[in-house]
Amino acid sequence: MPRPAAKLKSAAKPSRAPQIATVRPLTGTVFITRQVHFNSAHRLHNPMKNQRWNEEKYSLCTNPHWHGHNYVLEVTVRGTPDPETGYILDLGELKRILHRTVADRCDHRNLNEEVPFLRGIIPSTENLVIAFWHQIAPHIPPPGALHCVRLFETPRNFAEFFGPERT
Ligand SMILES: [Zn+2]
């Protein structure tokens, strides 16, 4: 009598993991931030005022022989993640934009004298965030939009700018 065929044991079951052919985009406004660093010299000085006025307003910060800061620039972009990538903007691309438009132009420079886009402004932290905004904003690709430029002059002192339309 022939033996019944041995039942095939499925030792290694083929994977039944579902093949996901679609993605489920999520919507919602998200804020992403990149930080870059640069070191610069500057001096707070209003050339339309006399030395006494400048010393009263700025004290040591108006020293004609300059002083330096280790600046930390944080830039926030807002948007809804792209349904195909999940990104608002690749943070590596944001880093490159910040270096190209601001950090590489200011690093190891004198902000009063060597940076063309800062010419004629008093390089206070307040003025710098406004000037940096105008440098950066046109380079942020959709669907992202520039939300905030935050500049630390020291670990305890910083200024933020949310754009001319918010003022
Ligand atoms: Zn300073």
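This is a predicted model: local features need pLDDT of at least 70, side-chain atom pairs count only at pLDDT 80 or more; totals for chains, interfaces and linings use all residues.

**Helix against helix**

I began with a pair of helices, α2 and α3, whose axes come within 9 Å and cross at roughly 125 degrees. For these entries, axes are lines fitted to C-alpha atoms, for helices over the stretch in contact, and angles run from 0 to 180 degrees between N-to-C directions.

Residues are numbered from 1 along each chain as its sequence is written.

**Overall make-up**

I then listed the secondary structure and found 3 helices and 5 strands; helices (H or I, at least four residues) and strands (E, at least two) are DSSP runs, numbered from the N terminus. Read from the N terminus on, the elements follow the order β-α-β-α-β-α-β-β. Of the 167 residues of the protein, 17% count as buried; a residue is buried if 20 or more other C-beta atoms lie within 10 Å of its own, exposed if 12 or fewer, and partly exposed in between, with C-beta atoms placed from the backbone. Among contacts between residues at least 6 apart in sequence, 70% join residues at least 24 apart.

**The sheet**

In what order do the strands of the sheet stand? I found an open sheet of 5 strands in the order β3-β1-β2-β4-β5, with mixed pairing, two strands being paired if DSSP finds at least two bridges between them. The edges are held by β3 and β5, each with a single partner strand, so one side of each is left without a neighbour in the sheet. On this sheet packs α2, which touches β1, β2 and β3 and whose direction makes about 20 degrees with that of β1. The sheet also carries α3, which touches β2, β4 and β5, and the direction of α3 makes about 145 degrees with that of β4.

I followed β1 (residues 30-42) to both of its partners. It runs antiparallel to β2 (residues 67-79), and 13 bridges join the two; along this pairing His37 has Val72 as its bridge partner, and Arg34 stands opposite Val75.

I checked the length of α3 (residues 125-136): at 1.5 Å a residue its 12 residues should span 16 Å, and its end C-alpha atoms are 16 Å apart, which agrees; the expected span is 1.5 Å times one less than the number of residues. The buried residues of α3 are Leu128, Val129, Ala131, Phe132 and Ile136, and they pack against β2, α2 (91-106), β4 (145-152) and β5 (158-161).

Leaving aside neighbours within four places in sequence, Glu74 is in contact with Thr33, Gln35 and Arg150.

His147 lies in strand β4 and is partly exposed, with 18 other C-beta atoms within 10 Å. Not counting residues up to four places away in sequence, His147 touches Phe31, Thr76, Val77, Arg78 and Phe162.

Last, I looked up Ile122, which is found in the loop between β3 and α3. Ile122 is 79 residues from Arg43 in sequence, yet the two are 8.1 Å apart in space, C-alpha to C-alpha. With residues up to four places away in sequence not counted, Ile122 touches Leu44, Asn46 and Asn127.

Notes
Two residues are in contact if their C-beta atoms, placed from the backbone, lie within 7 Å.
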